[in-house]
Amino acid sequence: MPEDVLINPKDVPLSFSDSEGLNRVYGEINTGDAWHYYQSVIGPEETVNPAILASDATHVTNFSGDGKPNRHAFLLLCYLPVCKFGKTQSENTTQAKTFPGCLKARLIHACLKIVLKTLKDAGRTAVPMVNFCGEEQMNRVFLSAWIADKEEQNLLAALGGNSCTTCEAETDDLGDSSPCQPCQAKYILKKIAQVKMKFNPSTQLWDFIKECQNHQLGGVDEPFWDDLPYTDICKVICHDTLHGLHKAFKDHTAQWNINCITPFEIDNRISKISVQSRAAIRATRAELDFIYHAGWKSLGDDDLQRMEDFNKVFHENKHAFVKTGQHGGREQSHFKIPKVHARHHYRENILLLGAPYNYSTEISEHYHIEIAKKAYKATNQKDYVKQMLVWLTRQEKIYLRDQEFDGFLPQDTKEEHGDTSGTQQVDDHMVDLEDKTEYSMTDSLVQSKKIVPVI
Ligand SMILES: [Zn+2]
């Protein structure tokens, strides 16, 4: 069996780092509770296949070992239209500013509703598939995770700008040192239904949108996920380490430190920071420790507890960044920042889906280059969507054929030619390694591989 094929959780006991079974370890998605939940819902006769989507360029896949783009773990699902609605007629500037964003959100949800219809069917009715052992099993597919940055997370959850997708926190709650009660998809649907009772989204669109804003909603009347079986969008959206932690630290905490002690002192020596800034140091160090932990490939319950402690230390000391008479720091007296708030939810995200290492938008950012920019560059820029799809289809076929060829290669030959996938096993029944004729043929295939542009 290939080492990086995730097997069904029903065949895998939970993993612990200690013999007493007290410290559970979370890594890939099959170590989290979400997959086990889906399995418990459908029973032991069927097998769960988790679908992981990512937006930017939207893909769907079963997860592979390391999720690196060069492993072709993700496939293009669709290109979503991005329309600026520039010709939309508005009665005033408020409408002109608000309409395009809401219409864009409604368009994307309408598109996803169409695109994900087959996913809905695959979650409702099991279909037979052959596993890697050659056995036929009944399978169902569920939307299990969605990789996206904060703006897209709210777009997908049909929520307004700064609301939290994991708890019921709204803009005013984001600076609190603890989260609100957990948010559920049915809570969002209930709020939408209440607004629809007041205003018809088809005939009273502007009134509907205004009322949605009052309820911290995004103006979408029919979210694409409202009828996905057993799926709660609030549990599916992953908290992103690239934007949510690394970029957030650079944009916020690092800048607050510089504001507090001036760029000169930062360059001079950290040791000259006044006593008054010790809290700032504690907050900064706690945030960095949190970020380092979130980057690990597997985490135990003890690591998750430490992350909670780091977050607590940050909130206990964050006041040091608020602007005072002597210091710069923040220019506002609050911390109502969605990315700062999101750190409350990493623990529950990891319990459900495994280590956040697997859900960084770094993956989808890279694919954006691979399947959008490169594909567009390969066209003559006329009627380019069709050409891009043809180009991508060809690339995938070339890649798959390449993988078939690799199956015929002896291991040392693959290493010699830089194959590091580790997913293909040499099948002695298919290739006689002593047969010079066969070897010569496969070698020539490898040579031809060098001129095939594989993404
Ligand atoms: Zn929250």
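Reply: In this predicted model, helix H6 spans residues 205-214, and its buried residues are Phe 208, Ile 209, Glu 211 and Cys 212. These four lie on the same side of H6, because the arc they cover around the axis is only 165°. An α-helix has 3.6 residues a turn, so residues three or four places apart point the same way. The cover over the buried residues of H6 includes helix H2 (93-115) and helix H5 (185-198). After H6 comes Gln 216, which has a positive phi, near 60°.

For context, the protein chain has 455 residues, of which 33% count as buried. Its secondary structure consists of 16 helices and seven strands. Among contacts in the protein chain with a separation of 6 or more, 66% are between residues 24 or more positions apart.

Another helix contact can be described in the same terms. Helix H13 (residues 361-377) packs with helix H14 (residues 384-406) at an angle of about 110°, and their axes are 9 Å apart. Angles of 65 to 115 degrees count as roughly perpendicular, and H13 and H14 are therefore roughly perpendicular to each other. Their crossing is right-handed. On the H13 side, the contact is made by Ile 371, Ala 375 and Tyr 376; on the H14 side, by Tyr 384, Met 388, Trp 391 and Leu 392. The residues of this contact of H13 with H14 comprise seven nonpolar, no polar and no charged.

Note on methods: Residues numbered from 1 in each chain as written. Predicted model: local features only at pLDDT ≥ 70, side-chain atom pairs only at ≥ 80, totals over all residues. Buried ≥ 20, exposed ≤ 12 C-beta atoms within 10 Å, placed from the backbone. Helix = DSSP H or I, 4+ residues; strand = E, 2+ residues; numbered from the N terminus. Arc of directions from axis to C-beta. Contact = placed C-beta atoms within 7 Å. Axes fitted to C-alpha atoms, helices over the stretch in contact; angles between N-to-C directions. Parallel < 35°, antiparallel > 145°, perpendicular 65-115°, else oblique. Left-handed = near helix turned anticlockwise from the far one by under 90°. Nonpolar A, V, L, I, M, F, W, Y, C, P; charged D, E, K, R; others polar.
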